[in-house]
Amino acid sequence: MNIRTRDPVRIGIFVAALVTMALTVWAYLPAVRADFVFDDVTSVIENPALHWESLSWEALRGLTESVRLPRRIVANFTFALNHLAGGLDPGGYHLVNILVHLGVGAALALFIWLYLRSEPEPQDRWTKLFSVTLPSALFLVHPLNTQAVTYIVQRMASLATLFVLLSMAMYLAGRTRALRGPKALWYALSALFLALGLGTKETAAIVPLVLLTYEWCFHRAEWRSRFRQIWSGSALKRLVLVVLAVSIAGLATAGLLAWVGGNPFRLSEPWPGRDFNGIERGLTQTRAHWLYLSLLVWPAPGRLNLDHDFAVSRGLLQPPATLFASIGLVLLVGLALYLSFKRPRVGFPLLAYFEFHALESGPVNLELVFEHRMY
């Protein structure tokens, strides 16, 4: 084919992808020489069930019975394969993390391209090119993602993000019919990737809520019409629908809590080994969010840290910044809700941001601040 007849937009996408991949590999390749750090030691080195020497049913069974985090079987499986290929040489683990990061960038580009199909206003092809390639490129080379890529055990975060993006992308493929094939196929793939995400990290459980938010932002009129048809009928039919909806919501909540395990909330007394309780942790997260957002805008090397020394908020005025941080977050959520009505293309990502942070920002037994939570 003559070069003049080739599609310039496709050439632009190809060149942008190659340049971005090269920059990403160049930025992260020095990390291959880094050693295991922090809870890489307890999660990988001191976790013999992941030290595969050969493939066997006994080794597979060990992933659910003898590992430190048995619910994260997919991530554990990848660590076990790493050991099978190269033992405890950290270089191999780092290389896989870099490949996962590149995969996340590709999945993000696919999701954005499908997401643009939700916008009723048509866009020219060059605008679409920049809308897809620029965010994906920024994501791949953004310093804030360093921790999720170079901190070996945080493959759990990056791999879960890969499956989450693929799950949402497949859902959009079925919803917008942007890709060829039956809708049932795309929805089935969406469910499969969601299951893989749940087997990687619990935060993937937020995906159904995010997809419901997508439907609310872009297809409110359609669902309003459907609910009117369903709701029209006898009082008994309405009662049955209400009971059914409440039962499903209750079972889903109970199932999630049971899956997380035990009683994850301690609102008034500290967790063992912690100096804060659930309420204090939730208050602290209001300030942590502003740290995350500031790092998103200004990721200076001196501001990035594996283990931030972050003071606990003991009350709304202890320190006073907690009150201002809380007010600021409420205003941001209000802005996101407003934009979901006026400009859903902007409002939906803002709402999704808060939803994806919901599990790790609540009154749960987790460390206060980790940069990889922004991944």
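This is a predicted model: local features need pLDDT of at least 70, side-chain atom pairs count only at pLDDT 80 or more; totals for chains, interfaces and linings use all residues.
**Entry 1: H4 against H5**

I started with helix H4, residues 73-86, and helix H5, residues 90-116. Their axes come within 9 Å and cross at roughly 135°.

Next I wanted the residues behind it. On the H4 side I found Phe-79, Asn-82 and His-83, and they meet Gly-92, Tyr-93 and Val-96 in H5. Sorted by class, the contact of H4 with H5 has three nonpolar and three polar residues, and no charged ones.

**Entry 2: the largest core**

Which residues have the most contacts inside the largest nonpolar core? I got Phe-111, Met-168 and Phe-348, in a core of 47 residues. Then I listed the elements that give two or more residues to this core: H5, H6 (125-141), H7 (146-150), H8 (155-176), H9 (183-198), H10 (207-218) and H15 (344-357). H8 gives the most, with twelve residues.

Leaving out residues up to four places away in sequence, Phe-348 touches Phe-111, Tyr-115, Val-210, Thr-213, Tyr-214, Cys-217 and Phe-218.

**Entry 3: the second core**

I also noted a second, separate core, this one of 16 residues. Among them are Phe-36, Ala-49, Tyr-93 and Met-156. Tyr-93 was already in my notes, as one of the H5 residues that meet H4.

Terms used:
Residues are numbered from 1 along each chain as its sequence is written. Side-chain values use heavy atoms; hydrogens and water are left out. Axes are lines fitted to C-alpha atoms, for helices over the stretch in contact, and angles run from 0 to 180 degrees between N-to-C directions. Helices (H or I, at least four residues) and strands (E, at least two) are DSSP runs, numbered from the N terminus. Contact means heavy atoms within 4.5 Å. Ala, Val, Leu, Ile, Met, Phe, Trp, Tyr, Cys and Pro count as nonpolar, Asp, Glu, Lys and Arg as charged, and the others, Gly among them, as polar. A nonpolar core is a set of buried Ala, Val, Leu, Ile, Met, Phe, Trp, Tyr and Cys residues joined through side-chain atoms within 4.5 Å. Buried means under 20% relative accessible area, exposed over 50%, partly exposed in between (1.4 Å probe, protein chains only).
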